Amino acid sequence: MPAQHSTLLGVTRGLLWLMLGLVAAATVLVLVVGIALIAAWPDVMVELKNSKVFVDPGIIQSQLLWMMAVLAAILAVAVYVLRQLQALVASAATGDPFVAANARRLRRIGWGLVAAQLLAIPLHMIASSVAAAHSEFAGMGGLSLNNILAILLAFVLAAVFEQGAAMRDELEGTV
Amino acid sequence: MAIVVKLDDLLHAKRMTLTDLSERIGITLANLSILKTGKAKAMRFSTLEAICTELGCQPGDLLVHEDDG
């Protein structure tokens, strides 16, 4: 394998671990906020009122809890997608990425991204219903062109890898 | 499979081993074994040419079509 490829794979591997770390940190944050919403609601409500971001902090406890649940689900999907990517990179590092397993991994990544995009829609609906219209909070989630492009890319790549694996198979039986 | 590789017969007629042929034409023993046992999915023209040149035979001597039934 060329040296620049192994450097690229090394950097990618490092970035994937970094992303998993960030996802873990975000998960802890979501859990802490969730616990605070239940255990210390009066204090949280005062803070929310002071921030002036939320329309009516007095009645949004359940919506915020639902948001945390959806966020936790999105983070779980993110872990799943990142783990699949790690396996893909590990397989590429061995110098033989065109195998059927990688096509399956890419398809799983595609479905993971579909799930994350679907979860982002209710997230946006809740966020925009509880926060002031022009706040950053209200713009959370929703449909994203980037996500849709990433989904298409993952499925197209899966098909390409499937073809690659078939060609590889053919070549291996050639004398 | 309907196409049968007669490499064994040709080698026997020439009193040559698979290892000898492998060394002379520069194709690995493993690949020649795959060819000999009929497990190959495809064969390059370059391989066919090398074997025919070395064994002094025609492609039709090496590859024979036989009915499955």
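By class, the lining of the second largest pocket has seven nonpolar residues, no polar and no charged ones. In this classification Ala, Val, Leu, Ile, Met, Phe, Trp, Tyr, Cys and Pro count as nonpolar, Asp, Glu, Lys and Arg as charged, and the others, Gly among them, as polar. The structure is a predicted model, in which local features need pLDDT of at least 70 and side-chain atom pairs count only at pLDDT 80 or more, while totals for chains, interfaces and linings use all residues. Residues are numbered from 1 along each chain as its sequence is written, chains are lettered from A and ligands numbered from 1 in the order in which they are written, and side-chain values use heavy atoms, with hydrogens and water left out.

The lining of the second largest pocket consists of A26(A), V30(A), L71(A), I74(A), L75(A), A78(A) and L123(A). Helix 1 and helix 3 of chain A are the elements that give two or more residues to this lining, and helix 3 gives the most, with four residues. Helices (H or I, at least four residues) are DSSP runs, numbered from the N terminus. The second largest pocket holds about 170 Å³ of space. A pocket is found on a 1 Å grid over the protein atoms alone, as an open set of points where a 1.4 Å probe fits, with protein on both sides within 12 Å along at least five of seven lines; lining residues have an atom within 4 Å of a point. Grid points are joined across faces, edges and corners, and a volume is the space filled by probe spheres set on the points.

The largest pocket has a volume of about 350 Å³. Its lining has 17 residues, and L85(A), L88(A), L106(A), I109(A) and L157(A) lie nearest the centre. At least two lining residues come from each of helix 1 (3-39), helix 3 (61-93), helix 4 (100-130) and helix 5 (145-172) of chain A. Of the residues in this lining, 15 are nonpolar, two are polar and none is charged.

Helix 1 of chain A has 37 residues and reaches 54 Å from its first C-alpha to its last, close to the 54 Å expected at 1.5 Å a residue; the expected span is 1.5 Å times one less than the number of residues. Its buried residues (under 20% relative accessible area, with exposed over 50% and partly exposed in between, 1.4 Å probe, protein chains only) are L9(A), L16(A), L20(A), V23(A), V30(A), G34(A) and L37(A). Helix 2 (41-51) and helix 3 of chain A are among the parts that cover these buried residues. In helix 3 of chain A lies Q86(A), which is buried, with a relative accessible area of 12%. Leaving aside residues up to four places away in sequence, Q86(A) touches L16(A), W17(A) and L20(A), where contact means heavy atoms within 4.5 Å.

Over all chains, the structure has three aromatic pairs. Rings of Phe, Tyr and Trp (its six-membered ring) pair if their centres lie within 6.5 Å; planes under 30 degrees apart count as stacked, over 60 as edge-to-face and the rest as tilted. One of the pairs, F54(A) with F137(A), is edge-to-face, at 4.9 Å centre to centre and 70 degrees between the planes. F54(A) lies in the loop between helix 2 and helix 3 of chain A and F137(A) in the loop between helix 4 and helix 5 of chain A, so the pair ties together parts that are 83 residues apart in sequence. F54(A) is buried, at 13% relative accessible area, whereas F137(A) is partly exposed at 22%.
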